[in-house]
Amino acid sequence: MDVEKSYWFTQFEELGDWLAERASRSRRPARVFTIGKTASGRDIPAIEIGDGPMHRPVIIAAQHGTELAGTNGCLAAIDTLLHDQSPTDENITGWADKILKACTVRFVPLVNIDCAIRFRQHVPTCDYSDAYGTGEEEWERYAGDYNEPRYFLEKQGIQTPRYGFTPEQMEQWRRHSGRGPGFRYNDRGDDLYFDYKTFRAPETQAIRDFLKQVAPNAVLELHNHEHPSRVFAPVVGTTTEHGLMQLAYGEEMMTRLFERGLPGSKHSVRTYTYYTSDDYLQFPEYVYQHVTPMIVFAEITTGYLNDYLRKAMHDDPMNRRDIDCPTVTRPQRILTSWSWIHTFLDLGVARNFQ
Ligand SMILES: [Zn+2]
């Protein structure tokens with residue numbers, strides 16, 4: 001199978017149609033629906049596969065709209081569950097039936113679709129490596145494109161909340177730059193990942209209501225990052241028991257990734273402790289507190305491992321083992337994402353998502 005051709009998907013406006021077409025050809029129960037609308041009024045598509053009565057896992061990707069390897073892996077996994085397609089060419093006969101006998105699986109493959117469309121205007125291939133070079137200036141240009149207007153406002157001494165920008169701040173940025181916000185944000189300047197206390201964004205409201213309705217017993221959330229692919233036991237405030245459970249899923253997801261010959265972080269699965277604050281909740285914390293303790297958060301590498309970042313990683317004990325990670329191809333990124341979804345469901349059914 002040509003994995004890149006099949007799943008390096010950039011026709012974001014057609015995602016709902018893509019899902020509906022796949023669902024209509026499957027002999028298995030499947031339903032395509034929308035969970036709500038984006039800030040610019042686009043539908044956010046989702047799919048429900050199977051009718052297994054025991055478990056309700058949910059897989060969510062691309063709350064940051066440029067982080068599309070999660071989306072691509074979801075599409076590959078959806079094909080596996082609907083049509084027994086194996087993107088790695090390994091024999092998976094009977095696997096989808098086994099999973100769907102126990103589970104009703106739901107995917108939200110691309111939450112921040114507005115941002116994905118803005119990203120495609122900026123980088124038509126939707127691959128950072130095609131748009132940014134390896135030096136320090138290129139890194140800064142990349143960080144600016146991702147985070148602005150944060151730096152623009154901070155230079156003027158204006159404090160910005162981690163979950164985004166006020167309408168006035170956005171207006172100031174638009175007047176200055178003539179552009180929308182950076183790729184971390186939705187079209188109104190909200191960082192969805194950090195918006196689970198504030199719920200300023202229609203996208204996070206939609207996810208919240210969807211999770212409330214489904215009451216999943218397991219959630220996998222997928223992101224991309226510059227660093228080598230890695231999984232987190234994501235919840236800082238978890239009990240020992242829940243922390244060990246999250247860790248076990250993360251370790252197995254990494255082990256099977258290596259068994260499939262795919263590159264990833266040589267560091268252990270770690271906790272996610274960045275930016276703890278009373279002002280906002282990050283998505284995994286929200287899920288832990290309000291939905292289910294079975295939450296795993298994973299980052300597929302973007303393949304854009306800039307020299308400047310490698311140097312910084314060399315001086316960081318949490319990253320130093322990874323400085324030699326090779327460039328990861330697009331098919332490998334898709335397969336990483338697929339492999340993690342596969343392991344999450346496989347181990348989940350084997351262990352009752354505990
Ligand atoms: Zn992200």
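Strands S3 and S5 run side by side in the parallel sense, paired over 5 bridges. Two strands count as paired if DSSP finds at least two bridges between them. The model you are looking at is predicted: local features need pLDDT of at least 70, side-chain atom pairs count only at pLDDT 80 or more, and totals for chains, interfaces and linings use all residues. Residues are numbered from 1 along each chain as its sequence is written.

**The whole chain**

- The chain has 13 helices and 8 strands; these are DSSP runs numbered from the N terminus, with helices (H or I) of at least four residues and strands (E) of at least two.
- Its radius of gyration is 19 Å, close to the 20 Å that the globule rule gives for 354 residues, so the chain is as compact as a globular protein of that length. That radius is taken over C-alpha atoms, and the rule is 2.2 Å times the number of residues to the power 0.38.
- Along its principal axes, the C-alpha trace spans about 60 × 45 × 45 Å.
- Buried residues make up 51% of the 354 residues. A residue is buried if 20 or more other C-beta atoms lie within 10 Å of its own, exposed if 12 or fewer, and partly exposed in between, with C-beta atoms placed from the backbone.
- Among contacts between residues at least 6 apart in sequence, 78% join residues at least 24 apart. Two residues are in contact if their C-beta atoms, placed from the backbone, lie within 7 Å.

**The sheet**

- The 8 strands form an open sheet in the order S1-S2-S4-S3-S5-S8-S6-S7, and the pairing is mixed.
- At the edges are strand S1 (30–37) and strand S7 (270–271), each pairing on one side only.
- In the pairing of S3 with S5, isoleucine 60 stands opposite glutamate 221 in S5.
- S5 also pairs with S8 in the parallel sense, over 7 bridges, and histidine 225 stands opposite threonine 301 in S8.
- 7 of the 8 residues of S5 are buried, so this strand is largely enclosed by the rest of the structure.
- Phenylalanine 232 has phenylalanine 297 in S8 as its bridge partner.

- The chain is divided into domain 1 (3–117 + 193–351) and domain 2 (128–188); the bounds come from an automatic or database domain assignment.
- Their C-alpha centres lie 25 Å apart.
- 26 residues of domain 1 are in contact with 18 residues of domain 2.
- Helix H5 (113–122) and helix H12 (307–314) each supply at least two residues of the side of domain 1 that touches domain 2. H12 gives the most to that side, with 3 residues.

**Nonpolar cores**

- Which residues have the most contacts inside the largest nonpolar core? They are Ile78, Leu81, Val219 and Ile341, in a core of 90 residues.
- This core draws at least three residues from each of domain 1 (3–117 + 193–351) and domain 2 (128–188).
- A second, separate core of 6 residues includes Tyr128, Tyr142, Tyr304 and Leu305.
- A nonpolar core here is a set of buried Ala, Val, Leu, Ile, Met, Phe, Trp, Tyr and Cys residues joined through C-beta atoms within 7 Å.
- Not counting residues up to four places away in sequence, leucine 81 touches Ile49, Gly50, Ala96, Ile99, Leu100 and Val105.

**Residues to look up**

- Phenylalanine 344 sits in helix H13 (residues 330–351) and counts as buried, with 26 C-beta neighbours inside 10 Å. Leaving aside neighbours within four places in sequence, phenylalanine 344 is in contact with Leu220, Tyr249, Met253 and Val296.
- Alanine 62 lies in the loop between strand S3 (57–61) and helix H3 (69–83). Its phi is near 60°, a positive value in a residue other than glycine.
- Is alanine 62 buried or exposed? Having 27 C-beta neighbours inside 10 Å, alanine 62 counts as buried.
- Alanine 215, in the loop between helix H9 (202–214) and strand S5 (218–225), has a positive phi near 50°. With 10 C-beta neighbours inside 10 Å, alanine 215 counts as exposed.
- A cis peptide bond, with omega about 15°, joins glutamate 148 and proline 149. Proline 149 is in the loop between helix H6 (136–147) and helix H7 (150–154).
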